[in-house]
Amino acid sequence: MYTDTERCVRAVQSKDARFDGWFFTAVRTTGIYCRPSCPAVPPKVENMTFLPSAAACQQNGYRACKRCRPDTSPGSPEWNARADAVARAMRLIQDGVVDREGVPGLASRLGYSARQVERQLGAELGAGPLALARAQRAQTARLLIETSGLPMGDIAFAAGFSSIRTFNDTVREVFALAPSELRARAAGRGAVPGPGPAQVPGTISLRLPFRAPLTPDNLFGHLAATAVPGVEEWRAGAYRRTLRLPYGTGVVALTPRPDHIGCRLALTDLRDLTIAISRCRRLLDLDADPEAVDEQLSSDPLLAPLVAKAPGRRVPRTVDAEEFAVRAVLGQQVSTAAARTHAARLVRALGEPVTDPDPEGGLTHLFPTSQALAGMDPEALALPRSRRTTFTTLVSALADGSLPLGIDSDWEAARARLGALPGFGPWTTEIIAMRALGDPDAFIPADLGIRRAATSLGLPSTPAALTARAAHWRPWRAYAVQYLWATEDHPINVLPA
C-alpha cells in the first residue's frame with residue numbers, strides 16, 4: 001500500500017487508525033516516522049514519504065515519533081494473509097528465528113539462499129532480515145522499559161540484544177532517548193508499575209493492541225470450551241495456558257479488554273519474551289484486518305446480518321501447530337468434551353510437568369511433544385483401531401520431520417502432505433490449515449455445524465454447493481466459518497463468565 005501515495009496521504013490526513021501497521025509516514029523535515037493515526041498536525045504533503053516497515057524507516061535514519069509511538073502499532077495483516085516466501089520470512093522473524101539462528105537459519109527454513117532472502121525482503125520491505133529483527137528488538141525493549149520494573153541489563157538480553165552497549169545505542173538511535181529517559185517519561189504517565197505482582201522475577205504484564213472491531217465471544221469461548229485440563233484453563237476472566245518456548249517454558253494469561261488484550265507472562269527465561277508475544281498474538285489473530293474481512297463478507301446478503309450483529313470476529317488459532325494437529329485427530333467424529341478427555345489422558349501420561357505461578361491455578365503440564373507421543377504404546381489409546389492408525393502415523397511423521405508444520409509452512413504443500421496420511425479427510429486437513437497454519441481461506445463445508453448454519457440461513461447445505469457459493473467469500477472463508485459457527489447455541493460461542 002505504501003506505493004499508493006494518494007491513498008496514504010488521505011489516511012494520514014484523516015488520522016485513520018485502520019491503516020496503522022500497513023505503512024509508516026516518514027517526515028523529511030523532522031527526521032521522525034509516525035503511524036497514520038498520529039494525533040500531531042499532519043505534515044505538508046511534500047514533506048511526507050511512505051515506507052513499508054519500521055525497519056525501513058530506521059534504516060533510512062528516521063526515529064520513532066514520541067507521540068504516536070509507531071513501534072507499538074499492530075503488525076501488518078498482510079503477513080497472515082499470504083504464504084509466499086516474504087510472508088513466511090516475516091512470520092519467522094517475528095518468532096525470533098533470526099535472533100536464534102541468524103540469517104542462514106532463516107534462509108534454510110525457507111528453502112532459499114541467504115542472498116535471495118535479503119533481496120526479496122529488501123525489495124518489498126525496504127530492509128533486510130537483520131534490520132527487521134533489530135526493529136523488533138527495539139520494540140520489545142521499549143515495551144519492557146515502559147511497562148516493567150526490570151533492570152536495564154535484564155531488558156537488554158530479554159529483548160535479544162547481545163550486549164548492554166548495543167542495547168543502549170539502538171534505543172538512543174531509534175527513539176532519540178536513552179533507556180532511562182524512556183522509563184522516566186513512562187513513569188510520568190503512570191505506565192511503569194510500582195512494587196507488586198508485576199515485579200515478580202520473570203513475570204511481565206503488557207497490553208496487546210489490535211485493529212478494532214474485535215468480538216471476543218467466539219474467540220475466547222472457543223479456546224475455553226476446548227481447553228485441555230492441565231494445559232489450558234479459563235480463570236478469573238482470563239484464558240490461561242502453558243507454553244513450550246525455545247529457551248524454557250512459560251505460562252500466559254490473556255484477558256479481553258475493550259481496546260486491548262491484557263497479557264501476563266511468567267517465563268523461566270526472559271529471552272523467550274519476543275517469541276511468546278508473537279505466539280500469543282497469533283493465537284488470538286490480533287494482526288487481522290477486520291475491516292477488509294467484514295466488508296467482503298457483508299457483500300453477501302445472507303451473511304451481512306451476522307457480520308453487522310458482531311463485527312470483527314477472529315479465527316482462534318494455536319501457539320503450537322504440531323499440538324493442534326494431534327488434537328484435531330483426537331477430535332475426529334467425537335464431541336468437544338470427548339476430545340478434551342482424550343487429550344487430558346495424553347497430558348497426564350506424557351506431558352512435561354510445570355509449576356503454575358498462580359497458587360490457585362490449575363496448569364500442571366506442557367502438551368506432550370511429538371517425540372514423546374511417537375514412543376507410546378498405541379494400544380493405550382482409547383480410540384477405534386482406524387483412528388489409532390491415523391494418530392500413530394501423524395505423530396511419527398511429526399517426530400521424524402517428514403511432516404513439517406509451523407508458521408513457516410507452505411499452506412498448499414502442507415495440505416498435500418496431510419491429505420496423504422491415512423484417516424485425513426478434508427475436514428481434518430482444513431481445520432489444521434485454518435487454526436494451526438493460519439490460512440485465512442481454509443474452509444470446512446462438510447462440518448456438521450456449518451451445514452446446520454447454512455440450512456438455517458438459506459445457503460446450500462451440500463458441501464459441493466456450499467463451496468461454490470463460498471467462492472464469493474474468498475480469501476476470507478475461514479472468517480466466514482466463524483460467523484456461521486456463531487449461529488449455534490454452543491459453548492464455543494459464549495465468552496465464559
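The model is predicted, so local features need pLDDT of at least 70 and side-chain atom pairs count only at pLDDT 80 or more, while totals for chains, interfaces and linings use all residues. Residues are numbered from 1 along each chain as its sequence is written, and side-chain values use heavy atoms, with hydrogens and water left out.

**View 1. R142 in helix α6.** R142 sits in helix α6, residues 129–147; helices (H or I, at least four residues) and strands (E, at least two) are DSSP runs, numbered from the N terminus. R142 counts as buried because its relative accessibility is 5%; buried means under 20% relative accessible area, exposed over 50%, and partly exposed in between (1.4 Å probe, protein chains only). Skip the neighbours within four places in sequence, and R142 is in contact with A64, C65, R69, D71, F175 and L182, where contact means heavy atoms within 4.5 Å.

View 2. Two strands pair if DSSP finds at least two bridges between them. Strand β5 (residues 203–208) pairs antiparallel with β9 over six bridges, and T203 has A266 of β9 as its bridge partner. Strand β8 (residues 249–256) also runs antiparallel to β9, joined by seven bridges, with T255 partnered by G262. β8 and β9 make a hairpin with four residues between them. Six of the seven residues of β9 (residues 261–267) are buried, so the strand is largely enclosed by the rest of the structure.

**View 3. The open sheet β3-β1-β2-β4.** Here four strands form an open sheet in that order, with mixed pairing. β3 (48–51) and β4 (63–64) stand at the edges with a single partner strand each, so one side of each has no neighbour in the sheet. Strand β2 (residues 32–34) and β4 run parallel, joined by two bridges; Y33 has A64 of β4 as its bridge partner. Helix α1 (residues 5–13) packs on the sheet, touching β1 (24–27) and β3, and its direction makes about 105 degrees with that of β3. For that angle, axes are lines fitted to C-alpha atoms, for helices over the stretch in contact, and values run from 0 to 180 degrees between N-to-C directions.

View 4. Taking a disulfide as a pair of cysteine sulfur atoms within 2.5 Å, the count is zero. For C57, the closest cysteine sulfur is in C34, 9.2 Å away and so too far for a bond. For C263, the closest is in C280, and at 4.6 Å that is also too far. C57 counts as buried at 0% relative accessibility, and C263 counts as buried at 3%.
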